[in-house]
Every structure is written in C-alpha cells, then in structure tokens.
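Subject: Structure for your review

Dear colleague,

Please find below the structure that I am handing over to you.

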Amino acid sequence: MSDRLTVAKTYKLYIGGKFPRSESGRSYPVADAKGTFLANAAQGSRKDARDAVAAARKAFDAWSGATAYNRGQVLYRVAEVLEGRREQFISEVATSEGVPAKKAQSLVDTAIDRWVWYAGWTDKIAAVLGSSNPVAGPYFSFSTPEPTGVVAVLAPQQSSLLGLVSVIAPVIASGNTCVVITSQDRPLPAITLSEVLATSDVPGGVVNIITGRTAEIAPWLASHADVNALDLTGAPDSLRADLERAAAGTVKRVLRTKPNEDFTATPDMSRLRAYLETKTVWHPMGV
Amino acid sequence: MWEYAPAPESRDIANLKPSYKMFVDGKFVEGTGEPLKTVNPATEEVLAEVSTASQSDVDTAVKAARKAYDRVWSKMPGSERAKYIYRIARQIQERGRELAVLESLDNGKPIKESRDVDVPTAASHFFYHAGWADKLGYAGYGPDPQPLGVAGQVIPWNFPLLMAAWKIAPALACGNTVVLKPAETTPLTALVLADVIQQCDLPPGVVNIIPGAGDVGAALVGHEDVNKVAFTGSTDVGKVIQGRLAGTSKKLTLELGGKAANIVFDDAPLDQAVEGIVNGIFFNQGHVCCAGSRLLVQESIADELVEKLHARVSTLRVGDPLDKNTDVGAINSREQLTRIKELTESGDAEGAQRWTSSCPLPDKGFFFAPTVFSNVSQAMRIAREEIFGPVLSVLTFRTPEEAVAKANNTPYGLSAGIWTEKGSRILWMAQRMRAGVVWSNTFNRFDPTAPFGGYQESGFGREGGRTGLEAYLDV
C-alpha cells in the first residue's frame, strides 16, 4: 500500500459554467450511507439560486436556438465523457447510496444509456409532438413544441446519479436550461457530473447545480419570476403544497411526480412534455 | 361614410324565456342559490332570471357527474361516445340562428360575429373532437390512454357558447364527465346548449351546467371529487385557482389573459395590415384574451399607418348588436366598462395621445367608442395591463431585434401578430415570439385542429388539436 496522501477534492457549486463556492461561505458535511465523513459540500444560498437563474436565463437563447442536431450531439457527448469516467461514478454512487458495487455499476450504466436515449430525442420531438393543422380555411397552420424556458429542478433525494440524470436530460434535450438542487444528503455524484457537463460541450449556464438544503433554497426558486417551470421530484413531502402555491404566483408549469419513481425503467415522453410549450403559427395561402 | 338603413335580426329567434334553470343529472332544476338576472348590455334591460347553484348544488352536480362517469360514460365504447358528440355538433348547427341571436342579446357582441364565428366554431369543436373519441390510441399518449374522471370547468363571458364548446367537447371525447359553470353575466347560451344535450339524449349526469358567480366556481374547482380543472379567464383568478389546487392531485389547465403585440414592418401591405389590426383589437369589442392590443409599428411608417388606421376605425359602426351592419357591439357589463374607462384615463394621465372614433354611440347600454392611443411607452399601464376593450396602444420600433424585445416584454404570452412581405422574416420573428399563437399577415384565426394556449402567465395547456387532448387524459 502506498503511503502517498491522496488529494481530496473540494466540492463546489456549478453556476454559469464555473465552479464557485457558495457566496454565503457555508458548507455542510456529507457522509456515506454508514455515516462516515466523505467531504464538505457547499451549502448553497438564496443568492446562489438567483445567480444560477440569471445564468440559466442568459444561456437560454443560444441553447434553445441551437439546432436539434447540435443539442443531440452535445447530449451524446455527455454519455461519451461519462462512459470514460464510469469507474469513478461507480465508486461514488456505491459510497453515496450504500449499494454494492454490482448494483452501482448497473445504475451508472443505465445513467449513461439515459443520456443516449434523450440525445436521440432532440431532433424527433417536433415530429412526434408537432403538427400541421388542417384548418377550415385558406391558411397554412402548423404547431411546434418549444422549450418553456428556465426550469427549477429538485433532484431526487435517493437516486444520486441515475435519478439526477433522469430529471436533467429531458429538461435540456428540448432546449430548456435549468437550475438543479441536488440530493441534500447525496450531493457528491452531482458535482462530479457537473465536471462531465463542463467538459462535454454543454454551454455554461445550461445546467446549473446547487448543493445544500432543499427546503431552504427551493422556495426561492418556486417563487422566482424568471423561472418558468418547477420539477417537484425531490421536494420534501411537507413542502410540496407550499412550493406549488408559490409557483402559482407566476403561473409556473409544475411537474408533480409520483412518489418513488423507478428511474431504472425506460422513461416515456412525459418528462419531455412537461417542459414544452406548443406554438401555433398561421399564414394565409394565396397568390 | 356610407349610410346604412338598420338591418336588425329579429330577437324572437332567440326563443328567450323569462326564466332559466340549471342543468343537473339530465334535468333542468331550480338551483338553491340566489337567482341572478341577466342583462342585455346593449339596452340594460333584464333578459331573464336564471337560477344559480348553492354549495350543495355544486355537490349534487359533481355527484351526478361522478355517477355518470363510473356507471356509463367511462365504460361506453369510444365509438358510441363519438356519436353522441356528433349529435351535439349537428344540433348546434340546426339551432345556430337561435343560439347566435341569444348570444348577441346576452353578451352584446355583433350578430355577424356570433353568427359567423361563435356558433359555427362551437359546432366545429364538437364535430372535430367527436372523431377523436374512438381514436385516442392514435393520439400519441400510448395505446389506451385513460380519462381523468370528473372535470370542473369555469368559463368567461367573452365567448360564452364557444368557450363551453372548447371545454366540453374534448372532455367528453376523452371519456370524462363535466360540471361547467358559465359566467355570471352570460349564462343563457350554455343553458340552451344543455337543452341541446338533453335533446341529444346524452346519459344523465355526463354534462351538468350550473350558473352562478365566482363563489360557485370556487366551490367547483375546490370540490374534492373533481379530478380535472379547466379555467379560462383572468390571470389573477387563474393564479388563485392554481394556488388553491396546490398539493392536490387535480390536473389543471389555464387559459388566461394576454397583451399581444401586433408587429407591423415597413414592407407590410399596409391596407391589409390595417384590416388585420382592426380585426385584432376591435373584434368582439376587444373582449378577447388574444387581442392584438399593443401595436408595434416600424418607425418609418408609423405616421402613415396611424393615419390610415384612424380613417378605417372611423368607419366602424358601433351600436345595436342585433343589427347585421354593426361592427362593434356593447361592452359586456357596467363593471367592464368602468374598468376600460379607468385604464384609458391612466393613458391620458401618463401622457399617451388619445384618439377616439367620432362614431355615434347609443343613448343607453354599455358602449365605448373605438380608441387608439399613440405615443405610448412600455412603462405605461395601457401598454402593460390587459384592457379587454376596444382600445389599442401604439408603440414604435426601429429594428427587428427591438420588435422582438418589446413584444416579449410582458409576463403574458398568448398571441402575437407579424405583418411583413418577407417570408424569412416571418419565420425568424415567429420563432422568437414567446407566445402560444403567432398570426402572420392575419389575426384572430381559430380552428379546432389548431392548438391554442399561452406561454408564461397566459396559462398552460392547450385547447384544440391532438395536443389539446392531453388536458383530459391521465398521461
């Protein structure tokens, strides 16, 4: 056994493509499933959340305006880079979730494959959800799905990587940008994932990741006027109704998920649909 | 200006009755709420007394809808549901003249609009959705998508029959049963629709119609046995409903207010654009959530366009809704007229330049002359708030980028208009509009096959088209 001292990583936030500490200067200890100390994670604040929303809004025009082919390649690139760091994620997921290596392996593999699945959707959503409308008059009318904007995502509390990927990928596949609050007690795979995103051609600000207390930060995102949609997946039960009420103040689209969602199952289109608007365009026909 | 002799449609065609009852469990019954008197806004005369629902009547109606859902409607093959809905479409066509005259009496809208838009489009919504009832497996929500159960629906006063059709037709096609509350000031055509539904022999309880004010709507959307809530109305009330449903499992769709930009570029065909602008804001007295209430004109043509617009608006005939020559009818209620006056006064106070059509107005009834404000800035209330009346605010822009920024500078996002001869610019602009419906070189077109609904604070969910079915399916 080597007597070399390992270099421990400082786990920080991921906002606007950069890795800042929380502006609050706070951190909180993160332990493995058995309670052994792993690291100090940044304890994100209201201001961090607002910075993240600003970064997500700034990134929205370019990301939603990118071609679907381009977004598909970027998401596929995430799978490629994740595959290259597979061993690291297996170890982190096993430690964070307290599952055996074999189970962790299968969770990571499914997470990689999930990026591939959503990468393939980017340039098919419009064909499947859009339409040419046979209106009763001399008009050309078509409807096309468009991203709703900035999505606040409360990531699942249990599934630290597969669950996280399963809630982020459908948001960004269609051109939305997001602010994610990670699992409170299992945040480390999320920060390592942000390193993957940062090196996979995902433009800065498209995904912003905040670690910390979900119950502290979520209300600020739920009421934020520049957030268009809210995914309640990882919200504490005691807070769900309050968050929905706050979201009503700016008519946000709210994804209420069923409890204990099975992220190992192949998803359907519902998470894609949750963050899509339909735009109908009309033009007269004539000579 | 041409002089026209009066050409009124006969009000006898409306078969107006002195009193109307609510429709619950297949029967017309007296509600136990305080009856309301519905008024003809063009004359201020009482048209009829209408019974309203109490809290316990809401409960009775929801129970009837639940029973009909459990025992009949959810078990019926889609092909049979389809035939009932087709029947409704046909009966609306057969009774179209009666419905149109009644709508104009109760709402104040010109007969040419109720006759040519409201009633035929209501029929077409039933006809379109009927066909979906046995084809839901092809709609893209899985092979056998299931209905939600009982739908509680609350609709506004601007398109009373048409909004009832937009709500009821997709709900029934998807296999849900319905309790619908029409607006307090315009309950009559929904109750004639109930008569149509009774004549079509729909199983009792599948559709229930309960008139009343906001408290009845609140009781309905809050009822614990309602699975789906659909609301069309103001953004303020929409927010209250969304907040009220927080923490429940009810599915919600909202179609709320708007402050649409109608954008005219310097290469637009100006005469056509003027027609579109007029249609965009003066159609239905401007009581339209997707009305083109903010005119954005490219600076170089602003003076010319506004001059043409004044000339055209001066020719609009304001008056008796039943006259076939009337272009702009009555404001739906005194309350709405007061709101329009208050907002336009804020326009004066904030320094906008008011122009009002010199058209004669009737001596009685609720009328407001078509009004155009120029020199409007984005900060003014008349540029930000939904006026819901025949009032247009004119702003200018220089570049397409500025037009996009100004058009999207609103918490709303229901519709937008673009006028230019350049095709690539239309598509470039349409892509950038944060709005659910974009009309290019046209305005205010509606069709059951074309999804309609808003971005942002104009609501969520769509009505019409394949996309609109999602609102009534458990998917």
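This is a predicted model: local features need pLDDT of at least 70, side-chain atom pairs count only at pLDDT 80 or more; totals for chains, interfaces and linings use all residues.

Annotated site in chain B

The UniProt annotation "active site", from an unreviewed entry, covers B:Glu255. This residue belongs to strand β10 (residues 251–255) of chain B.

Two helix pairs of chain A were examined. In the pair formed by α4 (residues 101–121) and α6 (residues 162–173), the axes are 9 Å apart and the packing angle is about 10°. Angles under 35 degrees count as roughly parallel, and α4(A) and α6(A) are therefore roughly parallel to each other. Among the residues making this contact are A:Trp115, A:Tyr118 and A:Trp121 of α4(A), and A:Val165, A:Ala169 and A:Pro170 of α6(A). By class, the contact has 10 nonpolar, 2 polar and 1 charged residues.

In the other pair, α8 (residues 214–223) of chain A packs with α9(A) at an angle of about 25°, and their axes lie 7 Å apart. These helices, α8(A) and α9(A), are therefore also roughly parallel to each other. The contact is formed by A:Ala218, A:Pro219, A:Ala222 and A:Ser223 of α8(A) with A:Leu243, A:Ala246 and A:Ala247 of α9(A). Its residues divide into 6 nonpolar, 1 polar and no charged.

Contact between the chains

Chain A contributes 28 residues to the contact and chain B contributes 36. On the side of chain A, the elements giving two or more residues are β4 (139–147), α9 (240–248) and β10 (276–284). Which of them supplies the largest share? It is β10(A), with 8 residues. The residues on the side of chain A that touches chain B comprise 11 nonpolar, 11 polar and 6 charged.

A sheet across both chains

Strand β10(A) pairs with β17 (residues 437–440) of chain B in the parallel sense over 3 bridges, and A:Trp282 stands opposite B:Trp439 in β17(B). This pairing is part of an open, mixed sheet of 10 strands, ordered β3(A)-β4(A)-β10(A)-β17(B)-β16(B)-β11(B)-β12(B)-β15(B)-β14(B)-β13(B). The edge strands, each pairing on one side only, are β3 (131–132) of chain A and β13 (353–356) of chain B. Strand β13(B) pairs with β14 (residues 371–374) of chain B in the antiparallel sense over 4 bridges, where B:Trp355 has B:Val372 as its bridge partner.

Lastly, helix α9 (residues 270–282) of chain B lies across β11 (261–264), β12 (294–298), β15 (391–397) and β16 (415–419) of chain B, and runs at about 165° to β16(B).

With kind regards

Key. Residues are numbered from 1 along each chain as its sequence is written. Chains are lettered from A and ligands numbered from 1 in the order in which they are written. UniProt positions are given in the numbering used here, feature names are shortened, and annotations may be inferred rather than shown by experiment. Axes are lines fitted to C-alpha atoms, for helices over the stretch in contact, and angles run from 0 to 180 degrees between N-to-C directions. Angles under 35 degrees count as roughly parallel, over 145 as roughly antiparallel, 65 to 115 as roughly perpendicular and the rest as oblique. Two residues are in contact if their C-beta atoms, placed from the backbone, lie within 7 Å. Ala, Val, Leu, Ile, Met, Phe, Trp, Tyr, Cys and Pro count as nonpolar, Asp, Glu, Lys and Arg as charged, and the others, Gly among them, as polar. Two strands pair if DSSP finds at least two bridges between them.
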